[in-house]
Amino acid sequence: MSQEMHQSEAFRQRLVDRGVMDPSEIEEAMRGYIPRAADLNFASYLLQQGKLSLSQLADLTTSEDSNAETDVTRSGDPHEGQTYSGCQVERLLARGGMGSVYYGKRVEDGLPVVVKFLAAHLAQDQGLRARFRREGEVLQRLPAHPNVVGVLGLSDENHPEPHLVMEFVDGLSLEKVLQEQWSLPWDEAVKIGVEIAEALAAAHAHGIVHRDVKPANVLVTRDDRVKVVDFGLAKDMFATALTRPGTRLGTPYYMAPEQWGNNDMDARCDVFSLGATLYHLLVGEPPFLGRDAAEVGRKILAGDYTPPRRVVPELPDELELVIHQMLQAERRFRYPRMKHCADDLRRVLAGEQPRVPALVETAGKPVTHALLPQRQFTIGRDPGSDIHLTDPTVSRKHAQLRRGQGGFVLRDLSSTYGTYLGAMRAKRPLVLRNGDRLRLGKVEMLFRDPWGERGGAVEAAEVRREEVPAPILQALAAMGDMRVVLSLIEKLSVDTVEEARARAELSELFEPDVVEEVLKRRAQIEARARARLPMRLQSLTGEDVGRDPAEWLGVWEKLASEHPLQLGIERPPQSLKLEVVRGERSTNEFSLDEGDVFLLGRDDDCGLQLSHRTVSRRHATLTRLHRRMMISDEGSRLGTKVNGKRVDRALLDEGDQIELGDVCLRMAANPSQVNVERVGIKLYAIDPISFHALHEIKNPAIATALLGFLHESRRPRWIQRQADELFPSDAEKAKDLVERVKRIYKRHAEDARTLLPEFIGQGIEGRRTARLAAWNQQLAELRDQLPAQVIPTGWLSASRGLWRDEASTIVSALGDSEAGESTVTSS
């Protein structure tokens, strides 16, 4: 004990000698420390209380007193003095249920670092090891950002002591700051909020959701920089989740409502958690309190919290509105992007109005009535109205605004002088859109709802669509890769445009009776595939909504922000248009060839602008998927109908009639000459389903393709290249994809060895190479006796648009294409 007392006295003297603390400060600190002396030493206590920084503690360490008080670990610590990932551990900084954190230095240059270990008993759990490792992988994938703690090293996957080497941050957590200060001045809190939002926006841009934003996970450095830490619960939106819906992760006081149930998480849960953190910084306590986690959860789900200005009246009105917008219980009503939070917080600092839902009186000096935080507002001359108007033409209870699924709904309450939307009197409830002009009696108002158009759903333009060869897509679907979801949904109903194209292709090559037989078999093949699709989609998404494509499109809209890259099969683009059937005089048709997203409505910014007054300003959106078009109603007043049925969203086919108010449009394919893609002499690439049908009826037109599959199974280089592109940082998944595709080609090759003798003879006995060469020769000799030969698009190198530089041995066997016409070179 005497030695410990001597060490403590020596340490206190060094604090004075080096100007870190004066004797009165040390004496005051000792009064708080003495009751806790059994739990930790004085240096640890000062560090924990924020009276000593990590860098100061490091400076107080000298070689001659390495066993003194500054060594905050207890003797015998297994990590002390050891080297991990090139960094020597010096002392314990903190220990918790999940593990421990140490201060250390990088051996090569003395750089101060933090080494974070997973607790030994938890390291036995493979799931926890994977989650711990993911924190490092997530942060390593992020480009360097001034507000995100950097990861400098990561232990090997099978290391017995999983650890991360992280950037050393000399500062305090906001949790410690709040323990000392209770709350922060509002402008200081908002500046911190901006930096947190910028850090999270950078993470979201790379597909990462933090899911545990709270004061304890935000550090403020000595030079007032903010660092977001602890991405241990982060969700990687571009990878298979280690946590499934229903797994509750996070800290209760700051968790978004969707984190309390069986829901997928997206970036908007971080918006909510940042709002709760800001509230705590401003008020001194979290917005949702309760006796236990269950009570906290009930309040969060109900949006039951005290508005911050009731507690701190000096807060700006604008700041309270931003907090309300972030803490919306329904995520579609929050800011859709973290960038928007940062922008509005900057507006608050600049004394400007944030972009939140509002009604603005436009006569004279504008008066803004924010439509937050509740969902229903009464408007009238009654002093008790939520929006109080004094003009005598306004009735005491004039109108009501209610926030519904599709946005704010305006309802007149039998007012004397009426409620008008533009020039139209509101005789029934009307859905309002951003920018609508209203008149209540003689009071003119502007409706503003900047985030209400899509309620935070992902914009179609933000979804990246790429094409891959058909066998790659087939293997990815079998792997459960979420990037194929949209492609599968498109196949849930018959694609009439693709059917017409297939008929045209076949008609160029075969007699009518063969065409009809192939089309009949093709329809049977597609029907079998469609019957299996709901089960496959259910296994991919965890959702079960039956066979209705519209329901699955709704599922996809929820998943799109997490899986923005969607893959489809290489095929020539379809040329489509909308023909006017009735109700529109400005044009006869709209081309859909230029662009992927088309907004229909009366607004000037609509790509397909309609003039009829029954069409809403922003009525519906057309989105090009891989092969098809989808229409989504944008909360229009009179709705969107497809073939007489009102829809929220639907896949469109050629001939479908779309009603927008009194305007009727018809989806049509542009008349064009369908030319079968020629890839060699008497060799054409056709739709894979048509090829499958020819295969089932054993038509000799597939002979060349069968021989092609024998060659293709021996040439796996393109498969490896594609796998590396699809999984650039996951060698195991790339390997799995390669093996799956090779197995697919192996099955086709075995099938080819069975069928080829029926078309071109047995070849010769002996080695496979010799037999293959003999079949090549026989096929070339029988070329004039065989019908036009077809290969499935995307399956053989001659028909893969992404690999046109690769040779097709099978084309060479047929004598190559004519000079100047071939898109394939000889090997």
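The exercises below, each with a worked solution, concern a predicted model of a protein chain.

**Exercise 1. Confidence**

Task: Find the average pLDDT of the protein chain and the share of residues that score at least 70.

Solution: 
- Step 1. The average pLDDT of the protein chain is 81, and 82% of the residues score at least 70.

**Exercise 2. An open sheet**

Task: Give the strand order of the open sheet formed by six strands, and explain why one side of E26 and of E32 is left without a neighbour.

Solution: 
- Step 1. The order is E26-E25-E35-E34-E31-E32, with antiparallel pairing.
- Step 2. Strands E26 (589-591) and E32 (645-647) are at the edges; each has a single partner strand, so one side of each has no neighbour in the sheet.
- Step 3. From one strand to the next, the twist averages 30°.
- Step 4. Within this order, E34 stands beside E35. Strand E34 covers residues 657-660 and strand E35 residues 663-669; the two run antiparallel and are joined by four bridges.
- Step 5. Opposite Gln657 stands Arg666 in E35.

**Exercise 3. The surroundings of Leu349**

Task: Locate Leu349 in its helix, decide whether Leu349 is buried, partly exposed or exposed, and list its contacts beyond four places in sequence.

Solution: 
- Step 1. Leu349 belongs to helix H12, which covers residues 338-349.
- Step 2. Its relative accessibility is 35%, so Leu349 counts as partly exposed. The class runs between the cut-offs for buried, under 20%, and exposed, over 50%.
- Step 3. Leaving aside neighbours within four places in sequence, Leu349 is in contact with Trp186, Asp187, Val190, Lys191 and Val194.
- Step 4. One of these residues is Asp187. Leu349 and Asp187 are 162 residues apart along the chain, while their C-alpha atoms are separated by 6.8 Å.

**Exercise 4. Aromatic pairs**

Task: State how many aromatic pairs the structure holds, then classify the pairs Tyr279 with Tyr305 and Tyr745 with Trp795.

Solution: 
- Step 1. The structure holds 13 aromatic pairs.
- Step 2. For Tyr279 and Tyr305, the ring centres are 6.1 Å apart and the planes are at 90°, so this pair is edge-to-face.
- Step 3. Tyr279 lies in helix H8 (residues 268-283), and Tyr305 in the loop between helix H9 (293-302) and helix H10 (308-311); the pair therefore ties together parts 26 residues apart in sequence.
- Step 4. Tyr279 is buried at 3% relative accessible area, and Tyr305 is buried at 13%.
- Step 5. Tyr745 and Trp795 have a centre-to-centre distance of 5.8 Å and 65° between the planes, an edge-to-face pair.
- Step 6. Because Tyr745 lies in helix H21 (residues 731-760) and Trp795 in the loop between strand E38 (789-792) and helix H23 (809-813), the pair ties together parts 50 residues apart in sequence.
- Step 7. Tyr745 is buried at 1% relative accessible area, and Trp795 is buried at 8%.
- Step 8. Tyr279 and Tyr305 also belong to one aromatic cluster with Phe272 and Phe288.

Notes:
Residues are numbered from 1 along each chain as its sequence is written. This is a predicted model: local features need pLDDT of at least 70, side-chain atom pairs count only at pLDDT 80 or more; totals for chains, interfaces and linings use all residues. Side-chain values use heavy atoms; hydrogens and water are left out. Two strands pair if DSSP finds at least two bridges between them. Axes are lines fitted to C-alpha atoms, for helices over the stretch in contact, and angles run from 0 to 180 degrees between N-to-C directions. Buried means under 20% relative accessible area, exposed over 50%, partly exposed in between (1.4 Å probe, protein chains only). Contact means heavy atoms within 4.5 Å. pLDDT is the predictor's confidence in each residue, from 0 to 100. Rings of Phe, Tyr and Trp (its six-membered ring) pair if their centres lie within 6.5 Å; planes under 30 degrees apart count as stacked, over 60 as edge-to-face and the rest as tilted.
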